[in-house]
Amino acid sequence: MPEYTQSSELNEEGLRELMIRYQQADANAANQLVAALSPALLRFFAANPYTRDHAEDLLQECWMRIHRARHTYRPSEPLLPWVFAIARHTKVDALRRSHRTNSREVELSDFHQATIGVEAKPHYADYDLQRLLAELPESQREVIIMLKVSGMSLEEVARATSTTVGAVKQKAHRAYRKLRRILEERMNSQGTNT
Amino acid sequence: MSSCKEVVRYLAEHPHSKETSLPGWVRDHLRWCQPCRQLWHLLQVPLRSPALPNGLSESITRQIMANLKPVRVIPSPQTLALIFTGVFLLMISAGGLLLGYKALASLTIWQIVIIGLTSIGAIALATMLFTKLIVPGDRLPLNPYWFLIMVPVLLSVVVRWLFPWRGHLFATSQWSCVLLALAFSAPAGIFALWILHRAAPLSAGLAGAIAGTFAGMVGFSVATLHCTILTSCHILSWHLIATLGISIGLGAVLGRTLGQRYFSRSG
């Protein structure tokens, strides 16, 4: 039986086996699945500037949704798209709630809008990938996170985001183009400064 | 010589490629183009998942353990497709037994074949989409929104092409046809919504609308085989638009209500 720790690579076959045992109420499998998937899910929630502060709450909420809907995982299908589709739904719900709250608060106070504006625009202190990812639109960022953090294939990302492989490639292409443009601008500005 | 655009496109289409697996033209480009090389190096940086805060994993596991029971896995798409085919055939047979398909004698072979194939195609696609939409992360064979638009449009074109218009028959026995169609749609729709309620669709309203399309197509088929007013004006207005419109609308509303129990915040 595969044993998972937090630092393990996400191995689709092993995870699928754990999920099947979890559906049969195997407590040990549930434990291992939580340990194996939670770091990648936490990164997924923390990648968004609006959900970063609540990433741990969202992780818990996501696991409760996974638990309630565990009978809808079909063992013949890949597990990661199923898990990340639920995670994405959890995040979208949180973003909607957050936007509703923010729009109400803006009406009450103008200075709060300024605070949100500062949070949403991170500074570029270095070439750190996470900071650069924060510059991307949400739909492009989540594609890159799924591809990079959990090592999902284009096909699996397409399933998790309910789109086609072509649309995922398009989003990844746009994201890479934007990242390249930012890097080029920074190189140019560094050249000008020196 | 390759352009930056081509290289960026290649990297996007091969997100897990290693340096050794890059084709020669990409490697050559990366050698002399600094921004592309920077991007390549950036994409090689491992984006590690953070360690979980102390106690978080235990807290999640504890909540799961509080309600850990064996579950019955939802049937496969193939099994569901067979069940839906059975429901469709059952309703069509029930319509034939209870009403008698009077229109069959007046329909030409081409009308039967073309309308039959279009309806069966729409029902098969609705079933396929529905079985995929009710679970998270499944591959969709086509865009469900396009499907919801294309079914009424395609059937309208087919009906208008196969039957004479005769607008003066617009208001003839309209409600009896709609009610009859809906009476046969209802059991099919209730069955589809019951499946939806047991499943966990991420877009419950959309899955409900597709269930409504399935149910509406059952009603359309029964009404068209039974009703002897074979004019496109009547069939389009009452068998198709009214029946399908009501089924899809009701399906969307009920689907949204019934399909969200697993993903609502309260659970």
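Which element gives the most to the lining of the largest pocket?

1. First, the ground rules. This is a predicted model, where local features need pLDDT of at least 70, side-chain atom pairs count only at pLDDT 80 or more, and totals for chains, interfaces and linings use all residues. Residues are numbered from 1 along each chain as its sequence is written, chains are lettered from A and ligands numbered from 1 in the order in which they are written, and side-chain values use heavy atoms, with hydrogens and water left out.

2. Start with the contact between the chains (heavy atoms within 4.5 Å): 65 residues of chain A and 63 residues of chain B take part. About 5800 Å² is buried between them, 65% of it from carbon and sulfur atoms; buried area here is the accessible area (1.4 Å probe) that two parts lose on being put together, summed over both.

3. Three salt bridges link chain B and chain A (a side-chain nitrogen of Lys or Arg within 4 Å of a carboxyl oxygen of Asp or Glu). One to look at joins B:Asp138 and A:Arg159, at 3.9 Å from N to O.

4. A cavity is a set of points on a 1 Å grid over the protein atoms alone where a 1.4 Å probe fits but cannot get out, while a pocket is an open set with protein on both sides within 12 Å along at least five of seven lines; lining residues have an atom within 4 Å of a point.

5. Now the largest pocket, with about 1000 Å³ of space. Its lining counts 38 residues, and those closest to the centre are A:Arg88, A:Ser162, B:Leu202, B:Ser203 and B:Leu206. Helices giving two or more residues include H8 (154–160) of chain A and H7 (144–162) of chain B. Back to the opening question: H4(A) gives the most, with six residues.

How values were computed
Grid points are joined across faces, edges and corners, and a volume is the space filled by probe spheres set on the points. Helices (H or I, at least four residues) and strands (E, at least two) are DSSP runs, numbered from the N terminus.
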